[in-house]
Amino acid sequence: MSIGHTLLGLLESGPRHGYDLKRAFDEHFGQDRPLHYGQVYSTMSRLLKNGLVEVDGVEAGAGPERKRYAITDAGITDVAQWLARPEKPEPYLQSTLYTKVVLALMTDRDAAELLDTQRAEHLRLMRGLTERKRTGDLADQLICDHALFHLEADLRWLELTAARLDKLAEAVGG
Amino acid sequence: MTPEGSLLAAEGLRKAYGPTPALDGADFSIHPGEVVAVMGPSGSGKSTLLHCLAGIIRPDSGTVRYGTHALTELTDAQRSALRRTDFGFVFQFGQLVPELTCLENVALPLRLNGTKRKDAERQARDWLAQLEVDGVDGQRPGEISGGQGQRVAVARALATRPRVIFADEPTGALDSLNGERVLTLLTNAARDTNAAVVLVTHEARVAAYSDREIVVRDGRVKDMAGRI
Amino acid sequence: MSIDTTTTGGGLRGWARDLGMGVRFAVGGGREGWIRTLLTALGVGLGVLLLLGAASIPTMMETRTQRGQARLPMEMESEALAPSAATLVEAEADTEFRGDPVRGKLLRPDGDQAPTPPGVSALPGPGEMVVSPALRELLGSPEGRLLRERLHFKDVGTITQPGLIGPGELLYYAGSATLTTDDGGWRIARFGTLVKSDPLDPLLLTLLIVGCVVLLMPVALFIATAVRFGGERRDRRLAALRLIGADARATRRMAAGEALFGAVCGLLVGAGLFVVARQFVGDVTVWDINAFPSDVTPVPGLAALVLLAVPVSAIGVTLFALRRVSIEPLGVARDSAGRRRRLWWRLPFPVAGLALMLLNGRVSGRDAEVNPYLVAGGAALLLVGVTLLLPWAVDAAVARFRGGPVPWQLAVRRLQLSGGAAARAVSGITVAVAGAIALQLFFSAIQGDFMKITGQDQSRAQLRTMLPSHDIGAIRKMISEFHATEGVRGVIASIGSSARRPGPLRKGEEFRPGTLVSVGDCPSLSELAHTGPCKDGDVFVVKDSTGTVDEDDITEVARPGATVDFAGDDGRSGPPPHPRLWTIPMSARTIEARKDPTGQAVFGLMATPGSLDLKLLERPTARAMVKIDPRVPDAVEHVRNTAARIDPQTRVFTLQNTARDKQFTSLRTGLLAAATAMLALIAASMLVTMLEQLRERRRLLSVLVAFGTRRATLAWSVLWQTAVPVALGLALAVAGGAGLGLALLRMAGKTAFDWSVVWPLTAAGGALVLVVTLLSLPPLWRLMRPDGLRTE
C-alpha cells in the first residue's frame with residue numbers, strides 16, 4: 001500500500017505537523033505496524049520534492065516533526081486519482097482497500113463508488129477466468145477456480161464493507 | 001438512458017411496498033444475446049427490478065419497453081401473454097409443479113401457449129436432454145435431486161425459446177459444481193438462441209457468467225459498464 | 001455410554017406429556033395456530049350442536065307426549081257420568097286457520113269444583129276464553145283479524161306450558177253456558193289419561209332409525225374432517241420437533257394433543273351454541289312439531305356419550321390419519337405412491353350392511369318386527385362402506401385419466417398424488433346424499449300407504465260441513481248465510497233424512513225396509529245424481545251406481561206412485577204411532593247416482609223443495625258443500641267464520657284430492673333441506689381445505705403467474721379439482737343411496753322406484769362445486785399476486 005498517498009489523504013482534511021500525521025496514521029491504519037518517524041520524513045520530503053505538499057509553517061524548536069505540512073492542488077488531484085483507480089485484484093488487498101475507504105470517508109469522497117469500482121474490476125478478472133474455464137481443460141478449470149474463490153472472498157469483504165460504510169464513517173469521524 | 005438497439009429497457013422505475021421504496025428511479029437496458037448480472041445486497045430491490053422488467057408487477061412510475069411494446073402500458077392479460085411467449089423464468093426453488101412429472105413441467109409453458117400435448121412433450125424431451133437430465137421424464141419433482149430439479153426448471157424456461165430469460169438466484173440452492181453446470185448450460189443455451197438473460201444474484205462467481213453487471217443499491221441502479 | 005430414551009418413551013406419563021405438548025402448540029401457535037384451532041372448534045362445534053340436538057329428541061318426544069296425554073279429557077267408557085260439583089261438560093271446538101290447526105274446547109262446569117285443564121288456573125266463564133300465547137299473538141296481529149271474528153270470546157287468561165305441547169301451539173278453552181251432553185258435549189270428572197300409545201308403525205320406526213343414522217353419519221364425518229384442518233402445516237411443525245429429538249410416536253401423540261385441544265374447544269363451542277339455540281327452538285316448527293326450550297334437553301347418557309366420543313374420536317382420527325405419514329426430521333413423507341388402496345377390505349362393509357338390513361326381513365304390516373340394532377347397524381355399515389369405497393374409487397378413476405388440457409392435467413395430477421384428501425373432503429357428501437336418496441326413495445314408495453286417494457274432487461267443491469240443526473227453518477237460514485259469505489260461489493246443500501215403507505213389519509223382517517231421502521234445489525241435486533233436466537217440483541228415484549246397495553232394496557221402498565213414511569222407527573217395536581206419509585209422484589224419474597264432491601254416492605229418493613213439504617221430514621240433517629272463489633283471499637276463513645257464528649262446534653273440512661300429501665311434501669322438503677344444509681357444511685370444509693392447499697402453494701402459484709399462466713387456467717384447475725371428486729362422490733352416493741333405498745323398499749315389500757328424487761340432490765352437489773370454486777377464486781387471485789415470489 002502507498003504510504004505517500006495515505007499521508008497525502010490525511011493532509012487533505014487540513015494542514016498537520018509531522019508528529020500529528022504519524023499519530024493520525026497510526027490511529028487509523030497502523031494497528032499492526034506503527035509508522036516510524038523516519039518513514040514520515042522521507043515520504044514527506046519526496047512529496048515536497050514532487051510538489052504535492054508544501055511547508056505551511058514551522059513551530060519553535062528544530063526538527064522535521066515541527067514542520068507543518070499542507071497539501072497542494074496537485075496533491076489533491078493525486079489523491080483523487082489514486083482513490084478512483086481500482087487496485088489490481090490480488091490476494092491480501094484488504095489493507096490497501098481499507099486505507100482507501102477510510103481516506104475516502106475522511107475526505108468526504110464517495111466510498112461506495114470506490115467499492116463499486118473495485119468490484120467491477122474484480123468481476124472483470126473473474127469473467128476472464130470464467131471464460132477460460134469454459135474453454136480450458138480440467139487443470140485450467142481447477143486453477144481458475146482457485147483464483148475465482150479467492151477473488152470472491154475479496155468481493156464478499158467488499159460487500160460487507162460497503163454494507164457497513166455508515167458505521168465506518170462514524171468511526172473515522174469523517 | 002435507453003441505448004440504441006436494446007431489447008428490453010427500463011427508465012425511472014419506482015415501486016414502493018407500503019412506505020418503503022423498493023425501487024427509486026431505476027434504469028436498465030439489455031441487448032439481445034447479452035447476459036446481465038443484477039447484483040446488490042439483500043433487500044436492495046433486485047427482485048423487484050426483475051419483476052418490473054418481466055411485467056409481473058407494474059411499477060408505480062417509470063416505463064419498461066420491450067421491443068416495440070411499452071410493457072407498462074399493457075394490460076395484465078397482454079403482459080401475461082408476453083411472458084408466456086417471449087420470456088422465460090428460473091427461480092431459486094419451489095417452481096416445479098409437484099404433481100406433474102418433469103416432462104410435463106417442461107411441456108407446461110408450451111402447452112399454455114397452445115402447443116399440442118404430443119408436440120410439447122416431444123420438444124420438452126429434447127430440452128431435458130440438452131440440460132443433461134434426460135432420465136427424469138416420468139419422475140415427479142419430489143423424486144429427483146435439487147440439481148436435477150434446477151436443470152428441469154432451466155429446460156422449462158428455455159422450452160418456449162424465449163427472447164429474454166429472467167433468472168432469480170437460479171443457483172442459490174445448489175452446490176458449486178451443480179450451480180456452475182446449470183449456469184454454463186443456461187448461458188450457453190441463451191447465447192445459442194441469442195436470448196438475453198437477466199441474472200439476479202448476489203454471488204460474484206455467478207455474476208462472472210455475465211457479460212456485464214449492474215448493481216442495485218437503495219432502489220437505484222448503477223451500471224458498471226464501461227467503467228474501466 | 002447408554003442412550004437415555006426416557007424423554008421420548010411411551011407409557012401413560014409419556015402420553016400425558018406429549019398430549020399436553022400438543023395442546024401447548026395449539027394454544028401457543030400464534031395467529032396461525034389460533035385460526036386453525038378456531039376452524040376446528042367451529043367445525044366440531046357445529047357437529048356437537050347437531051349431536052346434542054339429536055340426543056334431545058327422545059326427551060322432547062317424551063315430554064310432548066306426557067303433556068299431550070295430561071290434557072286429554074278423561075272420558076268414562078262404560079256409563080254416563082252424573083253431573084256433580086266436580087264435573088264439567090266439554091266439547092271439541094277445533095278449527096283451522098290458514099292451514100294451521102287451532103285446537104279448542106268448549107267447557108261448561110257443572111259446579112265450582114269442576115276440574116281445570118293443565119296449564120289453566122281458572123275456567124273461563126261463558127263468553128270468555130283462555131288462550132295459548134301463540135294464539136294470543138295471532139289474534140292480536142293484523143293477520144289474525146279473521147280468526148278474531150271466529151273466536152269472539154273475551155280473552156281472560158293464558159294457558160301455560162304444562163297445558164301446551166309446544167310453544168307455537170294454537171289452543172283455546174272457551175266457556176259455554178249452554179253446552180249439554182245432548183249437544184255434542186261429554187261430561188268428565190278430570191283431565192289426563194294414561195292411554196298406552198300405539199307402538200310406532202314398524203315402517204315409520206325403520207324410517208326413523210335410518211333417518212338418524214343418515215343424518216348423524218355425515219356429522220361424524222364432518223367432525224373427523226374438522227379435526228384435520230391445517231394438517232399440512234402441523235406436519236411441518238412436527239417435522240421440526242423430530243429434528244430436535246422427538247421420536248415418531250411422540251410426534252403422533254403431540255398431533256393427537258393438538259386435535260384434542262381443538263375437539264375440546266369444539267365441545268365448548270357446541271355446548272354454547274346448543275344452549276343459545278335451544279332458546280330459539282320455540283320459533284321453529286318442523287312437521288307441526290315445535291318444542292319448549294326445556295324440552296330440548298339431551299338424554300344424560302347420550303350427552304355423556306357425545307362428550308366422551310368427540311375427544312376420543314379426535315385422537316383416534318388423528319392417529320389413524322397419520323398412520324401412513326412418516327414424520328421425518330427433515331420433512332413429511334406421505335406414503336401415497338407406494339401403497340395402492342385395496343378394495344378387498346372395503347367391499348365387505350356395504351355388502352354386510354345390506355345383508356344385515358335384509359336379515360331383518362319385511363317390516364310392512366303392523367306386527368312386523370323391527371330390530372333397531374339390525375336396521376341401524378345395517379344402514380350405518382352400508383353408509384360407512386360407501387365412504388370407505390370412495391377413496392378407492394377416486395384413486396381407481398383418477399389413475400386412468402391422462403392428458404387433456406392443462407387445467408385438467410393439473411387437477412388430475414394433483415388428485416393422483418393426494419386423492420385421499422379429496423376423497424375425505426367429499427365423503428361427507430356421499431353419505432349425506434346417499435342417505436337422503438335412500439330415505440326419499442323409501443318415502444315416495446311408502447307414501448301410498450299413508451296417503452289415501454280420497455276420491456274427493458276439489459274442482460267441484462272445496463269445503464264441506466255438517467249443519468248442527470234439525471230444524472228446517474234454521475237449516476235454510478244457515479244455507480243462505482253460507483251463500484252470503486264473502487268469497488262463496490255456490491253452496492251444494494241437501495237436507496237428508498230417511499224414508500221407510502209404511503205399515504207394520506212383515507214376516508221375517510227385523511226392521512222396515514227404508515232408504516235415504518235428500519231434498520235440495522236442482523243445481524245441488526245435479527251434483528249428487530245425473531238428474532238431467534230438472535225443475536222445482538221434480539222427484540227422482542236414484543239408483544246406486546257403485547253397486548254397494550241392491551237396487552231392489554231401493555225400489556222396494558221408492559217407486560213412482562208408492563207411499564213412504566218419513567217417521568223413524570222407534571227401536572224395533574214396529575211402526576211409529578204417528579206416521580209421516582208422502583206419496584211419490586208418478587212422474588218421478590229413475591236416474592243414476594253420481595259421486596258427490598266428497599266422493600260419496602247418495603241414492604234413494606231425491607226431491608226438490610217444491611215437491612215435498614220439508615216439515616214432513618223427521619230429524620233432518622243438512623250437509624253443505626261450499627264452492628269458493630279461488631281469487632278471493634281467505635275465502636276459506638270467511639266460510640269458517642260463518643260456520644262458527646252458526647255454532648262453534650260446526651266443523652268445516654277442506655276437501656283434498658289426497659290426504660296427508662302436505663305432510664309428506666314437507667318431510668321431503670325437510671329432508672332435502674337437511675341434505676342441502678349438510679352439503680353446505682361440507683362445502684365449508686372443502687373450502688377450508690382448498691384455501692389451505694392454495695396457501696401452501698402460494699409460491700408455486702406466483703411462479704405459474706410469472707411465466708404467464710392465465711387466471712382462467714388456474715381457476716379451471718381448481719374447478720376440476722373439486723368437481724372430479726364430487727362427481728365421483730355423487731355417483732357413488734347415487735349407487736349407495738339406491739342400494740340402501742332398495743334394501744328399505746324390499747323390507748317394506750315395495751317395488752316402486754322413483755328416480756326423480758335423485759336429481760335435486762345431484763344438482764345440489766353440482767351447485768356445491770360451483771360455490772366452492774367461486775369462493776376459492778378471490779383468495780386465488782390474491783395468492784396469484786407476485787408477492788409470493790419475494791423471498792422472506
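How are α5(B) and α6(B) oriented to each other, roughly parallel or roughly antiparallel? In this predicted model, the axes of helix α5 (residues 146-159) and helix α6 (residues 176-192) of chain B come within 10 Å. They cross at roughly 10 degrees. Angles under 35 degrees count as roughly parallel. α5(B) and α6(B) are therefore roughly parallel to each other. On the α5(B) side, the contact is made by B:Gly147, B:Gln150, B:Arg151, B:Val154 and B:Leu158. α6(B) contributes B:Asn178, B:Val182, B:Leu185, B:Leu186 and B:Ala189. By class, this contact has 6 nonpolar, 3 polar and 1 charged residues.

Confidence in chain B was examined next. The mean pLDDT of chain B is 86. Of its residues, 96% reach 70 or more. Among the elements of the chain, strand β8 (residues 196-200) has the highest mean pLDDT, at 93. Strand β10 (residues 220-223) of chain B has the lowest, at 81. Where pLDDT is low, the predicted coordinates should not be read in detail.

Chain B holds an open sheet of 4 strands. The strand order is β2-β1-β4-β5, and the pairing is antiparallel. β2 (20-30) and β5 (69-70) of chain B stand at the edges. Each has a single partner strand, so one side of each is left without a neighbour in the sheet. Within the sheet, strand β1 (residues 8-17) of chain B is joined to strand β4 (residues 61-66) of chain B by 5 bridges. These two strands run antiparallel. Here B:Ala9 stands opposite B:Arg65 in β4(B).

A parallel pairing also occurs in chain B. Strand β6 (residues 87-90) and strand β7 (residues 164-168) of chain B are joined by 4 bridges and run parallel. B:Phe89 stands opposite B:Phe166 in β7(B). In a regular strand the side chains alternate between the two faces of the sheet. Both faces of β6(B) are covered. B:Phe87 and B:Phe89 lie on one side, B:Gly88 and B:Val90 on the other, and all are buried.

Chain A has 8 helices and 3 strands. From the N terminus on, its elements run α-β-α-α-β-β-α-α-α-α-α. Buried residues make up 31% of the 174 residues in chain A. Of the contacts in chain A with a separation of 6 or more, 59% are between residues 24 or more positions apart.

The 3 strands of chain A form an open sheet in the order β1-β3-β2, with antiparallel pairing. β1 (16-17) and β2 (53-58) of chain A stand at the edges. Each has a single partner strand, so one side of each is left without a neighbour in the sheet. β1(A) pairs with strand β3 (residues 67-71) of chain A in the antiparallel sense over 2 bridges. Across this pair, A:His17 stands opposite A:Arg68 in β3(A). Helix α1 (residues 3-12) of chain A packs on the sheet and touches β1, β2 and β3 of chain A. The direction of α1(A) makes about 90 degrees with that of β3(A).

Chain C comes to 19 helices and 19 strands. Of its 792 residues, 45% count as buried. Residues 24 or more positions apart account for 84% of the contacts in chain C with a separation of 6 or more.

Two interfaces involve chain B. At one, 13 residues of chain B are in contact with 18 residues of chain A. On the chain B side, α7 (204-207) and β9 (212-217) are the elements that give two or more residues. α7(B) gives the most, with 3 residues. The residues of this side divide into 8 nonpolar, 1 polar and 4 charged.

At the other interface, 20 residues of chain C are in contact with 22 residues of chain B. The elements of chain C that give two or more residues to this side are α11 (406-450) and α17 (698-706). The largest share, 7 residues, comes from α11(C). By class, the side of chain C that touches chain B divides into 9 nonpolar, 6 polar and 5 charged residues.

Methods: Residues are numbered from 1 along each chain as its sequence is written. Chains are lettered from A and ligands numbered from 1 in the order in which they are written. This is a predicted model: local features need pLDDT of at least 70, side-chain atom pairs count only at pLDDT 80 or more; totals for chains, interfaces and linings use all residues. Two residues are in contact if their C-beta atoms, placed from the backbone, lie within 7 Å. Ala, Val, Leu, Ile, Met, Phe, Trp, Tyr, Cys and Pro count as nonpolar, Asp, Glu, Lys and Arg as charged, and the others, Gly among them, as polar. pLDDT is the predictor's confidence in each residue, from 0 to 100. Two strands pair if DSSP finds at least two bridges between them. Axes are lines fitted to C-alpha atoms, for helices over the stretch in contact, and angles run from 0 to 180 degrees between N-to-C directions. Angles under 35 degrees count as roughly parallel, over 145 as roughly antiparallel, 65 to 115 as roughly perpendicular and the rest as oblique. A residue is buried if 20 or more other C-beta atoms lie within 10 Å of its own, exposed if 12 or fewer, and partly exposed in between; C-beta atoms are placed from the backbone.
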